[in-house]
Amino acid sequence: MSTTSPITDPLVAWQRLRAGAERPPAARGRPAAGPLDEQPVAAVFRCADTCLANEAVFGQAVGSLIDVSTWGHVVDTGVLATLEYAVESLRVPLIVVLGHQDCPAMRAAMRAWTDTVIPDGAARTVVENAIGSIVRRGAGAASLAEVTSAHIADTGVGLLERSPVIAQQVDAGRLAIVCVTTDSTGDSIAVHATIGAVGEVDGALLECV
Ligand SMILES: [Zn+2]
């Protein structure tokens, strides 16, 4: 049995992930499997078109992060059910919305916005969601970085709005959401927004960085 106490404080969970992400790649080592009975530190909701493993980005043991991924961060009931399970049953104190540089989904959204080219089929949902993010965040769409930042932040806010379970846990100070992107190698991260008790501004529910 592991003697490690579970992490219940959102800020402690985020500091652990951030410290792992900021270690030089050579110092992160190869992610090793953690104890089977160790509680997950965080749930990472990431875009499915990156081959970067969450544990490699954040320098954590394999199995210590719950992985949820869809293309372009489309949030459906399956995503919400998985995140609510992580938060409610596994007592995970942190959700990370993880985007990445040069994201094909965000590139498709940018093309749709600038050239009015909308894909056919279910991929259309990805583009429509990202365009909704641009509108709701009042963001510019001049660069891929702008579109990605707006969509990552809006996805975090959307989790709060669509899940009463997640909203209640954030209100109670037991859960936070951090919206970040990683570069194409997974060697560095940038924080775009925080929701809940990891922000640097006291009392701020949503802090855009
Ligand atoms: Zn992507």
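Okay, let's start at the pocket: α7 gives the biggest share of the lining of the largest pocket, seven residues. Before going on, this is a predicted model, where local features need pLDDT of at least 70, side-chain atom pairs count only at pLDDT 80 or more, and totals for chains, interfaces and linings use all residues. Residues are numbered from 1 along each chain as its sequence is written, and side-chain values use heavy atoms, with hydrogens and water left out.

A quick word on terms. Helices (H or I, at least four residues) and strands (E, at least two) are DSSP runs, numbered from the N terminus. A pocket here is found on a 1 Å grid over the protein atoms alone: an open set of points where a 1.4 Å probe fits, with protein on both sides within 12 Å along at least five of seven lines, and lining residues have an atom within 4 Å of a point. Its volume is the space filled by probe spheres set on the points, with grid points joined across faces, edges and corners.

So, back to the pocket. Its volume is about 190 Å³. Two helices, α6 (123–137) and α7 (144–162), each bring at least two residues to the lining. If you want to find the place on screen, look for His73, Val75, Asn129, Ser133, Arg136, His151, Asp154, Thr155, Val157, Gly158, Glu161 and Arg162. By type, that lining splits into two nonpolar, six polar and four charged residues. For that count, Ala, Val, Leu, Ile, Met, Phe, Trp, Tyr, Cys and Pro are nonpolar, Asp, Glu, Lys and Arg are charged, and the others, Gly among them, are polar.

Let's zoom out. The protein has eight helices and six strands. Reading from the N terminus, the order goes α-α-β-α-β-α-β-α-α-α-α-β-β-β. There are 209 residues, and 48% of them count as buried. Buried means under 20% relative accessible area, exposed means over 50%, and partly exposed is in between, with a 1.4 Å probe and protein chains only.

Now the helices. How far apart are the end C-alpha atoms of α1? They are 18 Å apart, and that agrees with the 18 Å that the 13 residues of α1 (residues 10–22) should span at 1.5 Å a residue. The expected span, by the way, is 1.5 Å times one less than the number of residues. Which residues of α1 are buried? Those are Pro10, Ala13, Trp14, Leu17, Gly20 and Ala21. Down the axis of α1, they fall within an arc of 125 degrees, so they line one face of the helix. The arc is taken from the directions from the helix axis to the C-beta atoms.

At the start of α1, a side-chain oxygen of Asp9 comes to within 2.8 Å of the backbone nitrogen of Leu11.

Ala105, Met106, Ala109, Met110 and Ala112 are the buried ones in α5. Here the arc is 160 degrees, so again the buried residues line one face of the helix.

Thr116 has a positive phi of about 50 degrees, although it is not a glycine. Is Thr116 buried or exposed? With 67% relative accessibility, Thr116 counts as exposed.

His73, from the pocket lining, also has a positive phi, about 60 degrees, and it is not a glycine either. His73 lies in the loop between β2 (65–70) and α4 (77–88). At 4% relative accessibility, though, His73 counts as buried.

A last stop, around α3 (residues 54–58). Asn54 is in this helix, and counts as buried at 2% relative accessibility. What does the side chain of Asn54 make with the side chain of Asp67? A polar contact, at 2.6 Å. That term means a pair of N or O atoms within 3.5 Å; within protein, one must be able to donate a hydrogen and the other to accept it, and residues adjacent in sequence count only if both atoms are side-chain atoms.

Asn54 also pairs up with Val44: they are ten residues apart along the chain, with C-alpha atoms separated by 7.1 Å. Val44 belongs to strand β1 (residues 42–47), and is buried at 0% relative accessibility.
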